[in-house]
Amino acid sequence: DVTEIEEKEAQAKQEEQIVKEQELSNLLHEKRYLKALGLAISLDRPHTVLTVVKAILREPEGRRHLEENIVRLRKDQKEAVLAFLVTWNTNSRNCHEAQAVMETLLRHEAPDSLLQFSGIKSAVESLLPYT
């Protein structure tokens, strides 16, 4: 019977998730946005990433801080953010944040580099009607 082992594994995953949520909350409180972005992306939480982006943009010189943080993300993290912003852009409450992130990506990534992103074609097709 492996039920007990599976329950322990599920409980361990849940505890790990709670620890990561607390860490994310602490990072936001400490205004350590790059780590917060990375953690939210790794947790695959588009809404949390949006919350971090909004927090950055509320800061004085928020656009500059957003650029600094987005530019420092790894390629796979930028691809995830691109996928997230496609969804954000469809909602008028979040479109400004989506546009700010998209502007940063377009300014700091070479066109050839952007073409290497996974899902770029579908992202552009989805962004065009709302942009």
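The largest pocket of this predicted model has a volume of about 210 Å³. A pocket is an open set of points on a 1 Å grid over the protein atoms alone, where a 1.4 Å probe fits, with protein on both sides within 12 Å along at least five of seven lines; lining residues have an atom within 4 Å of a point. The volume is the space filled by probe spheres set on the points, which are joined across faces, edges and corners. Of its 13 lining residues, Met 102, Leu 106, Ile 120, Val 124 and Leu 127 are the closest to the centre. Helices H6 (95-108), H7 (111-115) and H8 (120-127) each give two or more residues. Helices are DSSP runs (H or I, at least four residues), numbered from the N terminus. H8 gives the most, with four.

The whole structure holds 13 salt bridges, each a side-chain nitrogen of Lys or Arg within 4 Å of a carboxyl oxygen of Asp or Glu. Lys 20 pairs with Glu 16 at 3.4 Å, N to O. Both lie in helix H1 (residues 3-29), four residues apart. Glu 21 meets Arg 45 at 2.0 Å, N to O. Glu 21 lies in H1 and Arg 45 in the loop between H2 (33-42) and H3 (46-58), so the pair ties together parts 24 residues apart in sequence. Glu 61, Arg 64 and Glu 68 form a network of salt bridges.

Residues are numbered from 1 along each chain as its sequence is written. Local features need pLDDT of at least 70, side-chain atom pairs count only at pLDDT 80 or more, totals for chains, interfaces and linings use all residues, and side-chain values use heavy atoms, without hydrogens and water.
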